Amino acid sequence: MKSIGMARKVDDLGRIVLPIELRRQLGIRAGDELDIAVDGSTVLLHKIESRCVFCDSMTDLRGYREKQICNDCVGELSGPSAAAPAAAPPTAPL
Ligand SMILES: [Zn+2]
């Protein structure tokens with residue numbers, strides 16, 4: 001674990017502001033949830049993935065390798081036959 005050289009003061013309510021550079025780097029946005037862990041005197045924040053990694057949807061999520069993917073994207077990734085309704089029969093050449 002290394003310091004990123006950015007210090008922030010804790011306000012009267014115990015809040016700190018995560019630097020924008022850090023939020024961008026880690027993909028942390030307003031409304032995201034962070035898990036808080038303590039190791040001795042060290043506080044660790046871990047982003048809880050609550051959005052689809054592909055489309056940012058927050059509904060119908062499934063976990064896969066510690067990432068969240070929505071059912072729509074799972075369907076698209078499964079291929080056109082799995083996501084699309086049965087195709088119309090091919091038309092005969094004229
Ligand atoms: Zn998605």
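**Notebook: the S3–S4 hairpin and its surroundings**

I began at the hairpin of S3 and S4, where 2 residues lie between the strands and Arg65 takes a positive phi near 50°. I keep in mind throughout that this is a predicted model.

Next I looked up the other residue of interest in that loop, Glu66, which sits between S3 and S4 and has a phi near 65°, again a positive value in a residue other than glycine.

Looking for the partner of Gly63 in S4, I found Gln68.

Moving to the loop between strand S2 (42-48) and S3, I found Asp60 there, and I wrote down its phi as near 50°, a positive value in a residue other than glycine. Asp60 has 12 C-beta neighbours inside 10 Å and therefore counts as exposed, since the limit for that class is 12 or fewer.

Finally I checked the protein as a whole, recording 3 helices and 4 strands, which follow the pattern α-β-β-β-β-α-α when read along the sequence. I noted that 3% of the 94 residues count as buried, and that, of the contacts with a separation of 6 or more, 0% come from residues 24 or more positions apart.

Definitions and conventions:
Residues are numbered from 1 along each chain as its sequence is written. This is a predicted model: local features need pLDDT of at least 70, side-chain atom pairs count only at pLDDT 80 or more; totals for chains, interfaces and linings use all residues. Two strands pair if DSSP finds at least two bridges between them. A residue is buried if 20 or more other C-beta atoms lie within 10 Å of its own, exposed if 12 or fewer, and partly exposed in between; C-beta atoms are placed from the backbone. Two residues are in contact if their C-beta atoms, placed from the backbone, lie within 7 Å.
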